Amino acid sequence: KLFASYPGERLSDNEYAICGALTGGAVSFVEGPVDLFKSKMQAQIIRERVYGEKPQYRNVFDCAGQIMRTYGIRGAYQALPAVVLRNVPAFSTYFTTVEVMR
């Protein structure tokens, strides 16, 4: 543990909040691209059903591949700031609440 002096030591509420915030930031780097690909697929389904548009992607892997080929790695992370702004406070609050309520 980064904050504990010895195994089994209980962290302070602020330390749990910091751990949650760090976790939220780290998770964002995986969740950001996954959310983007999922959103693109969902929007495609709506456009197909409402407007009769031909699907742009065959599946989520095709979606990821097309985005990466067109925009590079930055394309997959275009939503990262929004995901970080959502996850950091959410994870911080969650970690703290769970530990306080124990």
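The buried residues of helix α2 are covered by elements that include α1 and α3 (73-76); contact here means heavy atoms within 4.5 Å, and buried means under 20% relative accessible area, exposed over 50% and partly exposed in between (1.4 Å probe, protein chains only). The model is predicted: local features need pLDDT of at least 70 and side-chain atom pairs count only at pLDDT 80 or more, whereas totals for chains, interfaces and linings use all residues. Residues are numbered from 1 along each chain as its sequence is written, and side-chain values use heavy atoms, with hydrogens and water left out. Helices (H or I, at least four residues) and strands (E, at least two) are DSSP runs numbered from the N terminus.

**Helix α2 and its ends**

- Helix α2 has twelve residues and reaches 16 Å from its first C-alpha to its last, close to the 16 Å expected at 1.5 Å a residue; the expected span is 1.5 Å times one less than the number of residues.
- Asp62, Cys63, Ala64, Gly65 and Ile67 are buried in α2.
- The N-terminal end of α2 is capped by Asn59, a side-chain oxygen of which lies 3.0 Å from the backbone nitrogen of Phe61.
- This is a polar contact, defined as a pair of N or O atoms within 3.5 Å; within protein, one must be able to donate a hydrogen and the other to accept it, and residues adjacent in sequence count only if both atoms are side-chain atoms.
- Gly72 follows α2 and has a positive phi, near 75°.

**Gln66**

- Gln66 belongs to helix α2 (residues 60-71) and counts as partly exposed because its relative accessibility is 22%.
- Apart from neighbours within four places in sequence, Gln66 is in contact with Gln56 and Tyr57.
- The side chain of Gln66 reaches the backbone oxygen of Gln56 at 3.2 Å.
- The C-alpha atoms of Gln66 and Ala21 are separated by 32 Å, the two residues being 45 residues apart along the chain.

**Salt bridges**

- The structure holds six salt bridges, each being a side-chain nitrogen of Lys or Arg within 4 Å of a carboxyl oxygen of Asp or Glu.
- Arg10 and Glu99 form one of them, with the closest N and O atoms 3.7 Å apart.
- Arg10 lies in the segment before α1 and Glu99 in helix α4 (residues 80-101), so this pair ties together parts that are 89 residues apart in sequence.
- Arg10 is partly exposed at 48% relative accessibility, whereas Glu99 is buried at 12%.
- Arg47 pairs with Glu53, the closest N and O atoms being 3.3 Å apart; Arg47 is partly exposed at 29% relative accessibility, and Glu53 is partly exposed with a relative accessible area of 39%.
- Asp62 and Arg58 meet through their side chains in a salt bridge (3.8 Å, N to O); Asp62 is buried, with a relative accessible area of 9%, while Arg58 is exposed at 71% relative accessibility.

**Nonpolar surface patch**

- Ile46, Val50 and Tyr51 form a nonpolar patch on the surface, with about 360 Å² of accessible area together.
- Patches are made of residues with over 30% relative accessible area and no salt bridge, with like charges joined within 9 Å and nonpolar side chains (Val, Leu, Ile, Met, Phe, Trp, Tyr) within 5 Å; accessible areas come from the Shrake-Rupley method with a 1.4 Å probe, and for residues only the protein chains shown count as cover.
- Ile46 lies in helix α1 (residues 13-51) and counts as exposed because its relative accessibility is 51%.
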